[in-house]
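The entries follow the order in which I looked things up.

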Amino acid sequence: MSEIPKISEAEWEVMRIFWSKAVPCTANEIVDALGSFSDWKPNTVKTLITRLVKKGALGFREERRIYWYYPLITENKCIRSETKSFVKRVFGGAIKPMLVTFLQEEKLSQEEIEELKRILEERKW
């Protein structure tokens, strides 16, 4: 899949469950998994799954009248796409202002600071 579909916040929650599973799941399994932290009705979850199929984020196969769903896109690809969209929309595509804002607003541990330094050092041309 060349283009990553835009997915809503609710659809992200559903996709996170699929990404955490190593095998295809039924809609009812996703309903059960979401039930531990969501009060969504089963029909709501099934509607979200249907939307994700239409958007090309999920695929499915039918076996004996049971639909098994699985992700067609990786979590990493979705995160990268969403990050690019966010930076473009909020910061006009400029990375530096985004990083400066983040660094000024967030409390970072010394370990996190060291990790960021390491990443920047690796990026040197």
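This is a predicted model: local features need pLDDT of at least 70, side-chain atom pairs count only at pLDDT 80 or more; totals for chains, interfaces and linings use all residues.

**Entry 1: helix 1 and helix 3.** From helix 1, I listed A10, E11, V14, M15 and F18, which meet L48, I49, R51, L52 and K55 of helix 3. Sorted by class, this contact holds seven nonpolar residues, three charged residues and no polar ones.

I then turned to the geometry. Two packed helices are described by the angle between their axes and by the distance between those axes. Helix 1 spans residues 9-20, and its axis comes within 10 Å of the axis of helix 3, with a crossing of roughly 85°. An angle from 65 to 115 degrees counts as roughly perpendicular, and helix 1 and helix 3 are therefore roughly perpendicular to each other.

**Entry 2: helix 2 and helix 3.** I next looked up helix 2 (residues 27-35) against helix 3 (residues 42-55), and found that they pack at an angle of about 120° with their axes 9 Å apart. That angle makes helix 2 oblique to helix 3. I noted the hand of this crossing as right-handed.

For the residues involved, I recorded A27, N28, I30, V31 and L34 on the helix 2 side, facing P42, V45, K46 and I49 on the helix 3 side. The contact of helix 2 with helix 3 comprises seven nonpolar residues, one polar residue and one charged residue.

**Entry 3: the cavity.** How many cavities of 30 Å³ or more does a search of the whole structure find? I recorded one. The largest cavity has a volume of about 40 Å³. Its lining consists of I4, P5, K6, I7, W12, C78, S81 and E82. Helix 4 (residues 75-91) gives the largest share of that lining, three residues. By class, I counted five nonpolar, one polar and two charged residues in the lining of the largest cavity.

**Entry 4: the largest pocket.** Of its 16 lining residues, I95, M98, L99, I119 and L120 are the closest to the centre. Which helices each supply at least two residues of this lining? I noted helix 4, helix 5 (95-105) and helix 6 (110-122). The lining of the largest pocket divides into eleven nonpolar, one polar and four charged residues.

Methods
Residues are numbered from 1 along each chain as its sequence is written. Side-chain values use heavy atoms; hydrogens and water are left out. Axes are lines fitted to C-alpha atoms, for helices over the stretch in contact, and angles run from 0 to 180 degrees between N-to-C directions. Helices (H or I, at least four residues) and strands (E, at least two) are DSSP runs, numbered from the N terminus. Angles under 35 degrees count as roughly parallel, over 145 as roughly antiparallel, 65 to 115 as roughly perpendicular and the rest as oblique. A crossing is left-handed if the near helix is turned anticlockwise from the far one by less than a right angle, and right-handed if clockwise. Contact means heavy atoms within 4.5 Å. Ala, Val, Leu, Ile, Met, Phe, Trp, Tyr, Cys and Pro count as nonpolar, Asp, Glu, Lys and Arg as charged, and the others, Gly among them, as polar. On a 1 Å grid over the protein atoms alone, a cavity is a set of points where a 1.4 Å probe fits but cannot get out, and a pocket is an open set with protein on both sides within 12 Å along at least five of seven lines; lining residues have an atom within 4 Å of a point. Grid points are joined across faces, edges and corners, and a volume is the space filled by probe spheres set on the points.
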